Amino acid sequence: MKAVIVCVSVSHGNTRRIAEAIARPLAAQVVEPEELDPTDLAEADLVGFGSGVFTGRLHPRLRRFVHALPATRQPCRAFVFATSGLPEPGFRPFTRPLERRLAAKGFEVIDGFTARGHDTWLPFKPIGGINKNRPDARDLAAAHTFAAALTARTGSAS
């Protein structure tokens with residue numbers, strides 16, 4: 001199976017490090033939205049979509065990319081992942097709006113993953129940010145474990 005991870009990582013590389021940890025067990029390529037024509041995803045069997053969280057939402061570049069995707073003609077599994085400085089509120093998961101958009105496009109969203117990351121958003125900037133050493137080795141191991149479980153469920157790596 002072919003796996004691709006579409007990732008927007010703009011502030012501290014948090015999301016890119018998580019994407020790369022997920023990519024290894026999936027034998028997936030990690031790409032920025034601008035590096036990929038949306039129609040190219042028709043060739044993928046599993047697609048990951050991820051970014052950092054900005055004021056409670058995934059990055060606008062990722063949202064625009066997903067909005068531009070054509071409806072899938074064949075079943076394609078997807079997962080969504082995110083990094084954030086603050087914990088994800090249980091009543092409003094960061095990934096839910098994108099998961100819904102992907103489902104409306106015909107993707108089967110099979111799972112999601114979130115990790116904490118270094119955050120220097122305005123109120124945290126004067127103190128150098130929060131979660132300065134995140135994602136750490138445990139976060140990267142959790143991302144790897146998440147991907148290994150996806151691999152077992154979907155058969156997306158060799």
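Predicted model: local features only at pLDDT ≥ 70, side-chain atom pairs only at ≥ 80, totals over all residues.

Q: Which residues touch the most other members in the largest nonpolar core?

A: Val6, Phe49 and Leu102 do, in a core of 23 residues.

Q: Which of them gives the most?

A: β5, with four residues.

Q: Back to leucine 102. What is it in contact with, leaving aside neighbours within four places in sequence?

A: Leu102 is in contact with Phe49, Val66, Leu69, Ala78, Val80, Phe107 and Val109.

Q: What lies apart from that core?

A: Another core, this one of 21 residues, including Cys7, Ala19, Phe79 and Phe113.

Q: OK, helices now. At what angle do α2 and α3 pack, and how far apart are their axes?

A: The angle is about 15°, and the axes are 9 Å apart. Angles under 35 degrees count as roughly parallel, so α2 and α3 are roughly parallel to each other.

Q: Is the crossing left-handed or right-handed?

A: The crossing of α2 and α3 is left-handed.

Q: Which residues meet there?

A: From α2, Leu62, Arg63, Val66 and His67; from α3, Leu98, Arg101 and Leu102.

Q: How does that contact split by class?

A: Between α2 and α3 there are four nonpolar residues, two charged and one polar.

Definitions and conventions
Residues numbered from 1 in each chain as written. Heavy atoms only, no water. Core = buried A, V, L, I, M, F, W, Y, C linked by side-chain atoms within 4.5 Å. Buried < 20%, exposed > 50% of the residue type's maximum accessible area, 1.4 Å probe, protein only. Helix = DSSP H or I, 4+ residues; strand = E, 2+ residues; numbered from the N terminus. Contact = heavy atoms within 4.5 Å. Axes fitted to C-alpha atoms, helices over the stretch in contact; angles between N-to-C directions. Parallel < 35°, antiparallel > 145°, perpendicular 65-115°, else oblique. Left-handed = near helix turned anticlockwise from the far one by under 90°. Nonpolar A, V, L, I, M, F, W, Y, C, P; charged D, E, K, R; others polar.
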